[in-house]
Every structure is written in C-alpha cells, then in structure tokens.
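These are my notebook entries on a structure that I had not examined before. I begin with the terms and then follow the strands.

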Amino acid sequence: MDESFQKVAKLSDFRLSKSKEARLDDLHLALFSVDGIVFVVENNCPHQHFEVLHQGHLEGCIITCPMHGRTFDLETGNCLNGAGKLRKLDVKTIDDEVWVKKPVPTSFSLFDK
Ligand code: FES
C-alpha cells in the first residue's frame, strides 16, 4: 500500500447512511457511498465554504449542499448550477476499509520560506 493512503472509514459505516464525515489530519472530508462505490471530497462547499456537504441530499452521484442548494457531480467534482468544483481525493477500498490518499498541497503563501 502506498504510504500516502490512510484509513478513514469502514464500508460497514455506510449501512445506515450513505454519507459521513471524517478527518484526515487537518482535512475535513465528506464520504459518500453510491452503489458500492465510495467517493471522498473535501468537506468544503466552494460556494461559501460551509463544511456541511456530508449532510447534503444525495441522489445518485449528485450531492446537493444543504446551505444554498448548489449541486455537484461526485464523479467529476463539477458544480452543476454555479461556479466552483469539489476537491476530490483518491480512494481505495480494501475489504471493509476505506483508504484515502492525502493530497499534495496546491497553494502556497508568498510569505512561506
Ligand atoms: S455553501 Fe454550499 S451552496 Fe452555499
């Protein structure tokens, strides 16, 4: 197993609900199970950055943010009714375990040394 993957959940966690939240170090994640496939995105809606996507309405691969109704395709991360895109994470499932690859930071500060 690639050491950059970390276990964040179990498939059996989705028996009662098709979505849940989890932490991966400092990242807040939203996990969704759709027909046995697990999608993981950063739990941060690009509209106004509320961290509530895991509480949204899931219809197939479409998640609707509960705050203002932006909808996102979990397969692409694209917003279907506005600007913005969800940050998707690579996922592996091994037996009952859900493993997520921690993304490489994509932003930096000009003040970083
Ligand atoms: S914060 Fe998600 S739609 Fe506004």
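This is a predicted model: local features need pLDDT of at least 70, side-chain atom pairs count only at pLDDT 80 or more; totals for chains, interfaces and linings use all residues.

Entry 1, terms. I count two strands as paired if DSSP finds at least two bridges between them. Strands (E, at least two residues) and helices (H or I, at least four) are DSSP runs, numbered from the N terminus.

Residues are numbered from 1 along each chain as its sequence is written.

I looked up the secondary structure and found 0 helices and 10 strands.

I find β3 and β4 antiparallel, with 6 bridges. Their hairpin has 2 residues between the strands, and Asp35 there has a positive phi near 50 degrees. Leu31 lies opposite Val40 of β4. I also find β4 antiparallel to β8 (residues 88-89), through 2 bridges. Val41 has Lys88 of β8 as its bridge partner.

Which residues touch the most other members of the largest nonpolar core? They are Leu31, Val40 and Val41, in a core of 19 residues. Such a core is a set of buried Ala, Val, Leu, Ile, Met, Phe, Trp, Tyr and Cys residues joined through C-beta atoms within 7 Å. Buried means that 20 or more other C-beta atoms, placed from the backbone, lie within 10 Å of the residue's own. I see that β1 (5-10), β3 (27-34), β4 (37-42) and β10 (97-101) each contribute at least two residues to this core.

I record 21% of the 113 residues of the chain as buried.

Key. A residue is buried if 20 or more other C-beta atoms lie within 10 Å of its own, exposed if 12 or fewer, and partly exposed in between; C-beta atoms are placed from the backbone.
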